[in-house]
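User: Please take a close look at the disulfide bonding in this model, and then at the sheet that goes with it. I would like one connected account.

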Amino acid sequence: MPLCFAKPGTAYEIRKICGRPDVRKHLENLGFVVGGTVTPVNTVQGNLIINVKEARVAISKEMACKILV
């Protein structure tokens with residue numbers, strides 16, 4: 001399931017990151033790695049706020065749809 005459809009407040013394990021190599025590298029630099037745990041916090045104007053590696057990161061819905069949990 002893409003992260004953009006995940007229920008807020010529930011922890012998920014990242015199974016796969018899709019997209020071009022530069023997009024995958026950018027997400028990896030933000031802390032989104034396969035096997036890592038993420039928790040959606042909230043949605044603000046179409047963007048998602050995600051807890052990843054003890055930090056909150058805001059990403060667009062398009063980017064969240066590239067992360068499969």
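Analyst: A disulfide, taken here as a pair of cysteine sulfur atoms within 2.5 Å, joins Cys4 to Cys65, with an S to S distance of 2.3 Å. The pair links distant parts of the chain, 61 residues apart: Cys4 lies in the segment before S1, and Cys65 in the loop between helix H2 (61–64) and strand S6 (67–68). Helices (H or I, at least four residues) and strands (E, at least two) are DSSP runs, numbered from the N terminus. The model is predicted, and local features need pLDDT of at least 70, side-chain atom pairs count only at pLDDT 80 or more, while totals for chains, interfaces and linings use all residues. Residues are numbered from 1 along each chain as its sequence is written, and side-chain values use heavy atoms, with hydrogens and water left out.

The torsion about the S-S bond of Cys4 and Cys65 is about 100°, so the disulfide is right-handed. Accessibility is classed as buried under 20% relative accessible area, exposed over 50%, and partly exposed in between (1.4 Å probe, protein chains only). Cys4, at 13% relative accessibility, counts as buried, whereas Cys65, at 33%, counts as partly exposed.

By the distance rule the count comes to one disulfide. Cys18 is partly exposed, with a relative accessible area of 26%.

Now the sheet. Four strands form an open sheet in the order S1-S3-S4-S5, with antiparallel pairing; two strands pair if DSSP finds at least two bridges between them. Strand S1 (12–13) and strand S5 (55–59) are the edge strands, each pairing on one side only.

Strand S4 (residues 47–52) pairs with strand S3 (residues 37–44) in the antiparallel sense over six bridges, and Val44 has Asn47 in S4 as its bridge partner. S3 and S4 form a hairpin with two residues between them, and Gln45 in the turn has a positive phi of about 50°. S4 also pairs with S5, again in the antiparallel sense, over five bridges; here the bridge partner of Ile50 is Val57 in S5. The hairpin of S4 and S5 has two residues between the strands, and Lys53 takes a positive phi near 50°.
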